[in-house]
Amino acid sequence: MVTSPSVPRLVVAAPSSGSGKTTVATGLMAALAGRGLAVSPHKVGPDYIDPGYHSLATGRVGRNLDAYLCGAELVAPLFLHGARGCDIAVVEGVMGLYDGAAGEGELASTAHVAKLLRAPVVLVVDASAQSRSVAALVHGFVSWDPEVRVGGVILNKVGSDRHEALLREALDSVGVPVLGVLRRAARVETPSRHLGLVPVAERGVEAVEAVAAMAAQVADGCDLEALVALARGAGALPCAAWDPAEALVPSPPPPLPVPSPGAAAPGPPLSALDGPRPQTPDGLKRVAVAGGAAFTFSYAEHSELLAAAGAEVVVFDPLRDEELPEGTRGLVIGGGFPEVYVSELSANEPLRKAVAELASSGAPVAAECAGLLYLCRELDGLPMCGVLDASARMSERLTLGYRDAVAVTDSALAVAGTRMRGHEFHRTVVEPGAGAAPAWGMRAPERRVEGFVERGVHASYLHTHWASEPGVARRFVERCRTS
């Protein structure tokens with residue numbers, strides 16, 4: 001059994017959303033980093049926005065740990081990959097501690113990830129409207145699953161010294177230590193809009209100030225030494241760190257069956273039909289990745305896999321840059337908020353034309369959600385790139401949830417039949433919702449086709465995590481070489 005060196009770690013969870021997880025987790029990351037520790041930041045679930053604040057707090061890339069998108073078996077290896085060389089890791093949970101993928105039990109819940117990481121949990125409780133009842137609440141969360149180790153409680157939004165005394169007295173009977181008490185503080189609040197918190201990239205100095213305020217509040221109200229000691233109690237994990245280069249090496253095909261006398265020779269194994277295999281790079285191929293304030297949603301592992309497959313990854317900003325990076329052979333446009341910057345994106349006509357020309361050349365283009373909107377003919381009535389004959393607009397309806405999908409059409413990302421899990425999160429509508437050659441067939445929660453495959457373009461609302469299917473990156477870079 002492979003065992004990696006122990007990484008001190010803890011999971012910041014809560015009974016429900018809105019309890020203060022992000023404030024406490026981000027503040028704790030920043031406070032520990034301020035003490036000279038190298039802090040590895042992580043977020044349970046598919047959320048892209050919180051990791052931006054985590055990165056600001058620690059100076060390291062914020063990484064997601066999602067047991068639905070990547071599979072439970074990859075959670076610990078991806079954690080160890082992100083935590084290389086760090087003194088301590090802080091993992092922010094998602095929703096309530098035991099809330100997982102709908103209809104899937106504990107799958108992808110904070111509790112599930114905490115168990116996979118063998119990490120102690122710190123429960124953040126919004127105590128603003130309770131006193132003695134807090135003991136019953138904490139007792140319920142501590143006793144619900146004996147495999148989840150709740151190592152302490154942080155009381156949030158405490159009103160006064162008297163309120164704190166009542167809460168502490170009630171919790172004495174539970175046997176879970178109080179590791180921190182935070183008072184109500186508007187200065188640490190972060191603004192929200194239609195899809196949650198406003199991303200760090202859009203707030204600039206305000207975001208820096210907010211994270212500093214979170215750090216000060218946590219440092220003043222929490223026992224940092226006790227939290228670090230709790231984290232150090234986590235033992236080694238029985239696996240190796242994920243490595244993008246190793247992930248790209250395909251598994252060997254199973255041995256061919258020995259034919260019986262007179263039987264026809266067997267055909268090639270299915271793995272032989274599963275797209276191109278790794279080849280010796282004939283020079284780096286430049287892949288442009290959209291960034292900036294309008295396109296802030298991406299998983300770090302995507303760029304790492306592209307680089308391991310032989311690509312030179314270059315980030316550009318569609319709000320500022322009027323040309324694609326010189327020598328671009330492939331384009332990746334992830335998620336974000338193009339609807340907030342629709343006027344500026346539309347006004348950058350030179351770049352819109354450059355994107356359209358690249359797509360028309362047959363070069364591989366991978367677009368997710370915001371990228372899909374950008375490739376449409378128009379967004380809220382303003383011209384976009386016109387790569388797709390589709391129109392996009394804002395909607396009152398929120399589309400949110402995990403999806404079980406299968407590739408419908410051969411594309412620059414996957415061969416038809418490739419199964420991947422993804423996540424949708426948007427308040428926009430694209431009409432039509434699928435092209436003549438759809439990108440995905442959704443298997444759950446409802447059956448439908450979605451997205452577009454045209455020439456080298458693969459555009460869809462579905463956010464996927466390429467670590468679950470590394471061949472996506474390998475295939476994309478191969479298309480860069482041959483397009």
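Residues are numbered from 1 along each chain as its sequence is written, and side-chain values use heavy atoms, with hydrogens and water left out. Because the model is predicted, local features need pLDDT of at least 70 and side-chain atom pairs count only at pLDDT 80 or more, while totals for chains, interfaces and linings use all residues.

**Strand 16 and its partners**

Begin by selecting residues 391-407, which form strand 16; helices (H or I, at least four residues) and strands (E, at least two) are DSSP runs, numbered from the N terminus. Two strands pair if DSSP finds at least two bridges between them. Next select residues 419-431, strand 17, which runs antiparallel to strand 16 and is joined to it by 12 bridges. Within this pairing, Asp404 stands opposite Arg421 of strand 17.

**Rings around Tyr68**

Arg421 lies over the face of Tyr68, at 4.0 Å from the ring centre.

The whole structure holds seven aromatic pairs, where rings of Phe, Tyr and Trp (its six-membered ring) pair if their centres lie within 6.5 Å, and planes under 30 degrees apart count as stacked, over 60 as edge-to-face and the rest as tilted. Tyr68 and Tyr402 are stacked, because their ring centres are 4.3 Å apart and their planes stand at 25°. Tyr68 lies in the loop between strand 3 (63-65) and helix 3 (72-82) and Tyr402 in strand 16, so this pair ties together parts that are 334 residues apart in sequence. Both Tyr68 and Tyr402 are buried, where buried means under 20% relative accessible area, exposed over 50% and partly exposed in between (1.4 Å probe, protein chains only).

Move on to Tyr98 and Trp144, a tilted pair with centres 6.3 Å apart and planes at 50°. Trp144, at a relative accessible area of 65%, is exposed. Then select Tyr48, Phe297, Tyr299 and Phe337, which ring pairs link into a cluster.

Finally, select Cys369, which is buried at 7% relative accessibility, and Cys480, which is buried at 0%. A search of the whole structure finds zero disulfides (pairs of cysteine sulfur atoms within 2.5 Å).

How values were computed
A charge sits over a ring if NZ of Lys or CZ of Arg is within 6 Å of the ring centre and within 35 degrees of the ring normal.
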